[in-house]
Amino acid sequence: MTRMLSLGARIGAVLVALLLVGGCERAADRLKQEIAATQNPWPKSSALHDPADRMLRRLIVDERYLTRIKQAGSKDKAAVAGAQLALDGIGRLPRPMLERRAQLLAAMLRGMPVEKCALIARATTASDIAQVGRTLFNELEKRPSQDIDFWFEMSYQASLAELEQRPATPATEQQIAQATEALLASMADESTRARAMAVLPQMDTAPAADVCWASLMLLDAASSTVPEPHRGTLAWLMAQQ
């Protein structure tokens, strides 16, 4: 269940195929910057163009990042490797950033038809996210500029956190149990709790409306409806693979 919400960090699948620069030693930083500028997947008219450009320019000059991408061996595998890098790093991010991520994801899912919301909620791998990425980015493009900037900054920080192997701060079993209790307590009535208990274990097969409802319920809990520190624990759980 928690893996469905790792899409926030996986935008590398859209951006990183262009970065397989090869083994040419004379590929200087300026050339890398030119590649980043010309290979931005969004037109200049898109609200996503400039934030994506800034992220690409920062990543492409990091030799650790390029090494990771080159080792993939092909453009398709490089796309997955770039997405996986950010995905692996998302759990290393601080709790406030993960809570903000949950809030933004909830806003984007609410803008989608139920079927698309459920499709994205069920996605668990970088390859899955690459296939539904267009829907996600269409919603992101409608968001205020501060939301868009946050999304790309989050992805960059997740990639950097993984490259640097920043220490993660995992939740303890006691914290998880307490957060679960807080989540149940936040539900309005017994029928809501019963619905959650019925849907959450069956996310792969439950009706789309139920899957979307459960996803939004969890995202809201991780960003607003559950008090701290349990909110941060839930946001961290949703960022785990």
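Tutor: Helices here are DSSP runs of H or I with at least four residues, strands are runs of E with at least two, and both are numbered from the N terminus. This is a predicted model, in which local features need pLDDT of at least 70, side-chain atom pairs count only at pLDDT 80 or more, and totals for chains, interfaces and linings use all residues. Residues are numbered from 1 along each chain as its sequence is written, and side-chain values use heavy atoms, with hydrogens and water left out.

Student: What makes up the order of elements in the protein chain, from the N terminus on?

Tutor: The order reads α-α-α-α-α-α-α-α-α-α-α-α-α, and by the DSSP runs the protein chain has 13 helices and 0 strands.

Student: Why is H11 called roughly perpendicular to H12?

Tutor: The axes, lines fitted to C-alpha atoms over the stretch in contact, with angles from 0 to 180 degrees between N-to-C directions, cross at roughly 110° and come within 10 Å for H11 (residues 190-199) and H12 (residues 208-225). Angles under 35 degrees count as roughly parallel, over 145 as roughly antiparallel, 65 to 115 as roughly perpendicular and the rest as oblique, so H11 is roughly perpendicular to H12.

Student: Which residues of H11 and H12 make the contact?

Tutor: With contact meaning heavy atoms within 4.5 Å, H11 contributes Thr192, Arg195, Ala196 and Val199, while H12 contributes Ala209, Asp210, Val211, Trp213, Ala214 and Met217.

Student: How many residues of the protein chain count as buried?

Tutor: Buried means under 20% relative accessible area, with a 1.4 Å probe and protein chains only, and 50% of the 241 residues count as such.
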